[in-house]
Amino acid sequence: GVTGDFGYTWNSGTGAPAANEYDLFSVLLHELTHALGFLSLIEPNGTGATGKKIDTYSQFDKHLEKAGPPVARLVTHKYPRYTAAVADLTGGKVRFAGTATTAKWLALGNAGNADIYAPNPFENGSSISHWGPGVPAAAVMHPTVTTGVQLRTYHALEYAVLKDLSYDLMVPAAFTSGGNPPVLITILGLPILVPGPRVPVR
């Protein structure tokens with residue numbers, strides 16, 4: 001579950017947050033996206049959830065690579081284990097190399113693959129589970145949020161990550177002509193809000 005810390009000043013309404021308020025919707029969307037799989041199970045020493053030789057990693061982990069040289073996946077697929085150096089988890093060397101995400105990253109005019117948060121030293125709970133500084137600030141999955149900021153719709157890269165994690169994303173046809181569809185409709189498909197046929201997210 002998600003536990004809210006109400007020791008902060010929250011904007012819990014539908015309008016924009018004031019300069020001194022954290023936007024509750026934005027934070028809940030961020031945490032929900034972790035629950036959907038935008039999350040690494042890699043520990044600071046490279047082990048996964050069990051610490052065994054053949055270990056348990058997330059689907060997200062299987063799309064991670066070190067920036068190189070040489071470029072290489074961090075986790076093997078068939079018999080999951082961490083194959084990079086521990087030092088590759090820090091110093092900004094991690095990228096997300098999912099097929100859909102890479103295609104979107106390149107379409108946005110970038111080279112290589114999307115930047116993943118990998119500070120030195122490793123930060124438990126934040127490292128490898130968020131975007132790095134190379135990803136636009138409008139994205140939801142950065143490691144921190146500041147007061148007065150509203151991030152209530154996914155960036156195109158985040159839709160791509162969800163596709164790489166095997167989600168079949170659909171949006172109401174009314175939103176396909178342009179603009180960002182409301183994220184709750186996109187993820188939960190609430191037809192009561194916008195009736196009509198659904199079409200795949202491209």
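Q: What makes up the accessible surface of the chain, and how is it computed?
A: The accessible surface comes to about 10500 Å², and 58% of it belongs to carbon and sulfur atoms. Accessible areas come from the Shrake-Rupley method with a 1.4 Å probe; for residues, only the protein chains shown count as cover. This is a predicted model, in which local features need pLDDT of at least 70 and side-chain atom pairs count only at pLDDT 80 or more, while totals for chains, interfaces and linings use all residues. Residues are numbered from 1 along each chain as its sequence is written, and side-chain values use heavy atoms, with hydrogens and water left out.

Q: Which element holds A114, and what does A114 touch?
A: A114 is found in strand β6. Helices (H or I, at least four residues) and strands (E, at least two) are DSSP runs, numbered from the N terminus. Contact means heavy atoms within 4.5 Å. Not counting residues up to four places away in sequence, A114 touches V94, R95, F96, T101, W105, W131 and V135. T101 is 13 residues from A114 in sequence and 7.5 Å away in space, C-alpha to C-alpha.

Q: How many helices and strands does the chain have?
A: There are four helices and eight strands. From the N terminus on, the order is β-β-α-β-β-β-α-β-α-β-α-β.

Q: What makes the buried residues of α2 line one face of the helix?
A: In α2 (residues 99-107), T101, T102 and W105 are buried. Seen down the axis of α2, these residues fall within an arc of 100 degrees, so they line one face of the helix. The arc is that of the directions from the helix axis to the C-beta atoms. An α-helix has 3.6 residues a turn, so residues three or four places apart point the same way.

Q: What covers the buried residues of α2, and which exposed residues are on the face turned away?
A: The cover includes β5 (94-96), β6 (114-115) and α3 (156-164). The face turned away from the buried side carries the exposed residues T99 and A107.

Q: How do you know that R152 and D23 meet in a salt bridge, and what does the pair tie together?
A: A salt bridge is a side-chain nitrogen of Lys or Arg within 4 Å of a carboxyl oxygen of Asp or Glu. For R152 and D23 the N to O distance is 2.6 Å, so the pair meets that definition. R152 lies in the loop between β6 and α3 and D23 in strand β2 (residues 22-23), so the pair ties together parts that are 129 residues apart in sequence. Both R152 and D23 are buried.

Q: Why is the pair D88 and K66 called a salt bridge?
A: The N to O distance is 3.8 Å, and the limit is within 4 Å, so the pair counts as a salt bridge. D88 lies in the loop between β4 (72-73) and β5 and K66 in strand β3 (residues 64-66), so the pair ties together parts that are 22 residues apart in sequence.

Conventions: Buried < 20%, exposed > 50% of the residue type's maximum accessible area, 1.4 Å probe, protein only.
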